Amino acid sequence: MDLTGGRPVVPSRSAVRPLGLGESRITGGFWADRQRLIGTATLDHGRQWMDKLGWTGNFVRAAQGAAGGVDRRGREFSDSEVYKLVEAMSWESGRLPSADREREIVELTGMVAAAQAGDGYLHTAFGGPGQAARYSDLSWGHELYCVGHLLQAAVARTRTSGDTDLLGVARRAADHVCAAFGPDGLAAVCGHPEIEVGLAELARLTGEQRYLDQAALFLRRRGHRTLPPHQFGSSYFSDDQPIREASVLRGHAVRALYLTAGAIDVAVETGDDELLGILAAQFDRTLATRTYLTGGMGSRHTDEAFGDDFVLPADRSYAETCAGVAATMVAWRLLLATGDPRYADTIERIIYNVVATSLGDDGRSFFYANTLHQRTPTFAVPDDEEQLGFGGGPRAAWFEVSCCLANLSRLTASLGAYVAGVVDDSLWLYQYAPGEIRTTLHDGRAVGVDVATAYPDDGTIVVTVTEADGGPWTLAVRVPEWAKGATATLNGEPLALDGHLRARHTFRKGDEIRLHLPVGPRFTFPDPRIDAVRDCVAVEAGPLVLCAEADPDGLDLDTVRVRTDRGPAAGDGGVHVAAEIEDPAPDGWPYATDRPGGPRSAADLPLLPYHRWGRRGPVTMRVWLPRA
Ligand code: FUB
Ligand code: ZN
């Protein structure tokens, strides 16, 4: 029984011991606001839409043996949305217990359980009367993908409540998968990875080796082009190369990232450090060559895929919210496995600039894709209308493919578990949020700290010791790579930083560490190999990417040229950059032997956090701005 209050990832060996929701609580600030929004609006919104569209009803119909033909609603992966919603509800319930939510989880669990076949098979689109046969379309059927999400939901539910009803369903489903796809079963993989990461965590929870073995078997099978050829190529499914032979993530971004997360789990649990090193190198290269400034991943709309190295066009950035969640899963696993705090930098970049961007202020709308350049004004969509296109456009209440909403909900609700960790006798703080941390060091000593901060608006983080029972231990705080010139004090005395803050001390209750991070605005320049934004500049402030936004009848953002001979300025009115506005050439053939550019006028361009864009009506928007 996990007594930590619930953790998404519990490796049996790791450099960092993760903390559970009972050990690390976010009590205020930026993320508490979003957790509250999810708890009070988003989860209900998701449930209402899933009921309205019949996605929950699919389980009821399947239980009645009547799911076939036209009766089955939604896409072939809609079961997974119900599972992700239950997972998000479980984390939320663990964070802030609620009798109503508890009843809802029990109700949904019953609904899912009733739809499970006697042999453990569970999917509402296959195998029922009038439906295609089980496993007749492994490329697109998402049967194992859905089970993977079921397993994650069951793990979350068990770890946050101790209730094992959903776990029972998950175990039966996993046992069925092991029987159907084990060494003597179908030698195949699912078109959408996810079962691997689900099985690995189920193995950790239950101690059942066979779940881990099955995950490892799926990994060995992938990369041998066993899925039928497709116009997107085998790379779409990460089926083009054995996982050990690949050097970078490619193909469908969410698929590749979920696969990597599961592979890290298997590498960790099997002690396969060679595989772990390969996976870390793949992710590092993906960060170096295939990731947007926001931490977003995926630059091809047609197949929701990674582009080649440095193919990162701002106006075609796909950066699906789910890819942000999946990349956070990967980065967290690598942080736990290696102890390298730079993976916490990656998580910070993604959560502030992808996850926080996606969700609307009402908690009932979201971006599916997260562009870095909106050329035509966004437009409002009715909040009772499902959007069929999901590869761009405005925040919408619902998309035909609505994977992102429950995904960002499950991550945000469980975010307390990503804030800190224990490394031997060090308590590490990886993310800054007002909160309370109470845990034990590796030798069992109880320690506690409170964190106070207005981050990211302000760069001061105050860590006050609330519990320490003698002897030296280390309080460590990540210093982000961007935070050049950060300073710190311990009880008012200067503290030297060695890249990060590591204070080894015999702490007493009330001891106080202050870390000052320079969160003022700074220019950021792209690698010139990213042709699409060569000669452009962006502005960041602390962990936040900033952007320029304009009303449809206001400034044409494509005429802005930013002056970089003076830095961005922060004042009462927010962040500004000095700019020149260039008169555009008259419309016509846009190429010439000589393009001198039009006359320019000086301007002061206000910027706002990228996560705030598109919240006040139709606008255009740019993150990368051409330099003067
Ligand atoms: O295929 C299931 C989900 O739908 C994927 O993870 C998303 O990218 C979307 O295509
Ligand atoms: Zn998604």
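How many of the residues of helix 7 are buried? I opened the notebook with this question and noted that the model is a predicted one.

**Entry 1: helix 7**

I found that 11 of the 12 residues of helix 7 are buried, so that the helix is mostly covered under the cut-off of under 20% relative accessible area. I listed the buried residues, which include I195, E196, V197, G198 and L199. Also among them are E201, R204 and T206. I then checked the length of the helix, which runs over residues 195-206. At 1.5 Å a residue, helix 7 should span 16 Å, and its end C-alpha atoms are 16 Å apart, so the two values agree.

**Entry 2: helix 12**

I turned to helix 12, residues 342-358, and made the length check there. The 17 residues should span 24 Å at 1.5 Å a residue, and the end C-alpha atoms do lie 24 Å apart. I also looked up the bend and recorded a kink of about 35° in helix 12, centred on I351. Helix 12 is mostly covered, with 15 of its 17 residues buried.

**Entry 3: the zinc ion**

Which protein atoms are the donors of the zinc ion (ligand 2)? I noted E320 through OE, and C322, C403 and C404 each through SG. These donors lie 2.1 to 2.3 Å from the zinc ion. Along the chain, the donors follow the spacing E-x1-C-x80-C-C. The angles among the 4 donor atoms are 95 to 123°, and the site is tetrahedral because all angles lie between 85 and 135 degrees.

**Entry 4: ligand 1**

I next recorded the residues that surround ligand 1. Among them are F77, H142, Y145, H252, V254, Y368 and V401. E320 and C403, which are donors of the zinc ion, also belong to the surroundings of ligand 1. I then looked up polar contacts of the ligand. An N or O atom in the side chain of H192 is 2.7 Å from an oxygen atom of ligand 1. For E304, the distance from a side-chain N or O atom to an oxygen atom of ligand 1 is 2.6 Å. E320 has a polar side-chain atom 2.7 Å from an oxygen atom of ligand 1.

**Entry 5: Q387**

Is Q387 buried or exposed? I placed Q387 in strand 4, residues 386-387. Its relative accessible area is 15%, which is under 20%, and Q387 is therefore buried. A polar atom of the Q387 side chain lies 3.4 Å from the backbone oxygen of E385.

Technical notes. Residues are numbered from 1 along each chain as its sequence is written. Chains are lettered from A and ligands numbered from 1 in the order in which they are written. This is a predicted model: local features need pLDDT of at least 70, side-chain atom pairs count only at pLDDT 80 or more; totals for chains, interfaces and linings use all residues. Side-chain values use heavy atoms; hydrogens and water are left out. Helices (H or I, at least four residues) and strands (E, at least two) are DSSP runs, numbered from the N terminus. The expected span of a helix is 1.5 Å times one less than its number of residues. The bend at a residue is the angle between axes fitted to the seven residues ending there and the seven starting there. Buried means under 20% relative accessible area, exposed over 50%, partly exposed in between (1.4 Å probe, protein chains only). Donors are N, O and S atoms within 2.8 Å of the metal (3.2 Å for Na, K and Ca); water is not among the atoms, so sites may look incomplete. Four donors count as tetrahedral if all angles lie between 85 and 135 degrees; four count as square planar and six as octahedral if opposite donors are over 155 degrees apart and all others between 65 and 115; anything else is irregular. A residue is near a molecule or strand if one of its heavy atoms lies within 4 Å of it. A polar contact is a pair of N or O atoms within 3.5 Å; within protein, one must be able to donate a hydrogen and the other to accept it, and residues adjacent in sequence count only if both atoms are side-chain atoms.
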